[in-house]
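Please take a walk with me through the model shown below. We will go from strands to helices, and then to a few individual residues.

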Amino acid sequence: MPHVPKPPQSAKPPTPLRSAPAESGSRETLPNKTPPSDALPSDALPSDALPADALPSDALPSDALPADALPIGAMSDQAPQLDSTHDTMVGFDQESVDSTNLPDIDHEFSMQELFDAELREAIRTVPLPGDEEKLPRVEILGADGQHAALMRIDHPVKLRVRGSLGDYAFAHNSQTVIKVFGNVGHGVAEGMSSGSIRVRGHAGHGAGTAMTGGTLGIYGSAGDRTGGAMRGGGLFVRGDVGNDVGLGALAGTIVIGGDAGNNLGNPLSNVAVFIRGKAASLTPGVTEAPLRKKQEVQLGLLLISAGIRGDATDFRRIVPIAKLAAENAARGEVVPNWR
Amino acid sequence: MYPAAQTISRPDGSSTRLELPLFWYEPPWIQMPRDVAGRLAASVANLDVVVSALRRDIAIDEEPSELFAAIPTDESASTDAAQRQFLPRMTPYRAERYGFTPADFDETRIIDVRLAATRDDSGRFAYSPDQMSRWEGGADGSTIGGGGHVATGSFPTDVVSLKQARTKLDQLRLLAPSAAVFVSIDCYRLEEEVAAALVSQPDGLIVRMNQPEIEGIQLAALVTKTRRLMDEHEFANKPLWIVPGEVSPRDVAKLIALGASAVAIDAWCLPLVRFLLESMPTSRFDRTAFNQIPAVASQHLWDDIDRVIGLLSAIMPHGSTPQRLGTYHSRWAKACGASLLVP
């Protein structure tokens, strides 16, 4: 029987993280744009975890993981080690301290032992406790680059996926709270409508395509067309993103912690795009603008929610020129410039 | 049993059965109120014509249309979920997925992955504000994205290449376990488009040949050529669905004899839409015309459908084109490979 219900005080700990958070007073030691390779668990970036086409070499922006981005000797023993307050780790793990403590795993399923439909059905039938605040925890083992995994789950549980997944993971999910300790391929969280998905590694192209709600957090970098055709929800990328981010998106929020490629933004949409780094180019019809105070507060709350460390004032917003002009016109009524 | 019933196989061994080789590819749902659209869709599907619609095209989320509901059975029959029957429906899977909900996967017979941008009635490669409001507007009718035209996507944002699209089609097969997954393309640059589309290993191919500049002889030649290209790419046994412009029942039978597996009858349904729009009373309390939609649809369409069934019953099932078709015109014989008859 592959389904192994576990008591709350299960003796089986998850695979411990190699670089667990610890107290430290220092800040980041690497540039923001560089996803630290040693911030990921040992199983997060397996060279053979994904099929050849799951995360192709062009899936990430060319500067997402530059070999020469790390300081000389950064990977050596003498290199400054990442401190535990690095937002990639703190953000990912702050909600649950299961990387250092024994998690209270309620159920455990293996992707190697169950067919996809069986796995989905097993998750859907996980009983819910009476306390709505405490979602049942489900550990998913055996993730090894499978495509189209864990789709269309509409059940309020917490999933932890150990390993990397292929393309179209978690498509059309709702309510489920998911953490992935690995990479994902193209089209992660397509059509997601609620819940949250946090990916500790990188994502391929089209992350968050057509999502209508919920939160997708990628703590590595993401490829081209991230947030394409979004109609709602929040998408956070801690690292860099590729070209055409927000292509065809209508609404929602996209937060980019690193740099962006070409054609950032959409002049005909209502998407709130915030970026901390630089964009190679903006789509014609959009421009950069500083955040207003209200947006700083909103973004600050979003950053806290996503566990992304940083000050909202570090970000600029990418906004349609027409929308900015309309904002300024409306603002003139409140703050007349003749004063 | 209809002579033209077909069974479409999926790679996982399951199959989808369709009773008629007819489908309504691009209904103008936005021209009608939701309730009228939903009733019309169900009425046409009830004639065993596969109808293309998203759930939000023809109903609100809370009250799905008859097209999406199980066919009512008498109480004495078994109510086992596996035994429930649904009307034949195909789901357009556009590049941007505006208006798409996960419920659109349920019980659909065909997933139509549209790999080419389409024009709206105004000629734009865009969706109208009304269309966007129906798909993505809130319950209060509010707009999303500013309320203007929204450009159509030219390619799915989460598909990297046509080779990688195979993974996308596999994903759709998992999400819609009862459906065959088709890819639809335009007929321009046919050789390149067919070769590219078949790389993704769809369960069938839909080719849009409804451009007004395409004449009958060109249509016949395009169908013949498409089937030949599919044969060359070892897709001889896969269905080829054609979206033509104006066609008669005889044309439908000829297209099937030339190698098409199903033919769109949008040209037959549009007059029906116009008739309904003209005959619908302005009063929302007068439901007479609404209740008569099934009868009106049957009256408009059944004679033509029955003629197609009759003509197809006379076509040699496994014959070659020269065995099936003959012509007195050398141009036609050359264009589509029919036998040249001597008058």
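Two strands pair if DSSP finds at least two bridges between them, and strands here are DSSP runs of E with at least two residues, while helices are runs of H or I with at least four, both numbered from the N terminus. This is a predicted model, in which local features need pLDDT of at least 70 and side-chain atom pairs count only at pLDDT 80 or more, whereas totals for chains, interfaces and linings use all residues. Residues are numbered from 1 along each chain as its sequence is written, and chains are lettered from A and ligands numbered from 1 in the order in which they are written.

Now please turn to chain B, where a closed barrel of eight strands with parallel pairing runs 3-4-5-6-9-10-11-12. Neighbouring strands of this sheet are turned by 25° against each other on average, direction ignored. Strand 3 (residues 22–24) and strand 12 (residues 262–264) of chain B run parallel and are joined by two bridges; look for L22(B), whose bridge partner in strand 12 of chain B is V263(B). Helix 6 of chain B packs on the sheet, where it touches strand 10 (204–209) and strand 11 of chain B, and its direction makes about 160° with that of strand 11 of chain B. Such angles run from 0 to 180 degrees between N-to-C directions, and axes are lines fitted to C-alpha atoms, for helices over the stretch in contact.

How do the helices of chain B meet one another? Two packed helices are described by the angle between their axes and the distance between the axes. For helix 1 (residues 34–45) and helix 10 (residues 293–313) of chain B, the axes come within 9 Å and cross at roughly 45°. Helix 1 of chain B and helix 10 of chain B are therefore oblique to each other; angles under 35 degrees count as roughly parallel, over 145 as roughly antiparallel, 65 to 115 as roughly perpendicular and the rest as oblique. Their contact brings R39(B), L40(B), S43(B) and V44(B) of helix 1 of chain B to I293(B), P294(B), A297(B) and L301(B) of helix 10 of chain B, contact meaning C-beta atoms, placed from the backbone, within 7 Å.

Helix 10 of chain B has another partner in helix 8 (residues 266–279) of chain B, their axes coming within 10 Å and crossing at roughly 150°. Helix 8 of chain B and helix 10 of chain B are therefore roughly antiparallel to each other. Helix 8 of chain B contributes W268(B), P271(B), L272(B) and L276(B), while helix 10 of chain B contributes I293(B), V296(B), A297(B), H300(B), L301(B) and D304(B).

Finally, a few single residues deserve a look. Most residues other than glycine have a negative phi, and most peptide bonds are trans. A148(A), not a glycine, has a positive phi of about 50°; it is found in the loop between strand 2 (137–144) and strand 3 (158–164) of chain A, and is buried, with 24 other C-beta atoms within 10 Å. E234(B) has a positive phi of about 60° although it is not a glycine. E234(B) is placed in the loop between helix 6 (216–232) and strand 11 (240–244) of chain B, and counts as exposed, with 9 C-beta neighbours inside 10 Å.

V199(B) lies in helix 5 (residues 190–199) of chain B and is partly exposed, with 16 other C-beta atoms within 10 Å. V199(B) and R166(B) are 33 residues apart in sequence, yet 7.4 Å apart in space, C-alpha to C-alpha.

Definitions and conventions:
Two residues are in contact if their C-beta atoms, placed from the backbone, lie within 7 Å. A residue is buried if 20 or more other C-beta atoms lie within 10 Å of its own, exposed if 12 or fewer, and partly exposed in between; C-beta atoms are placed from the backbone.
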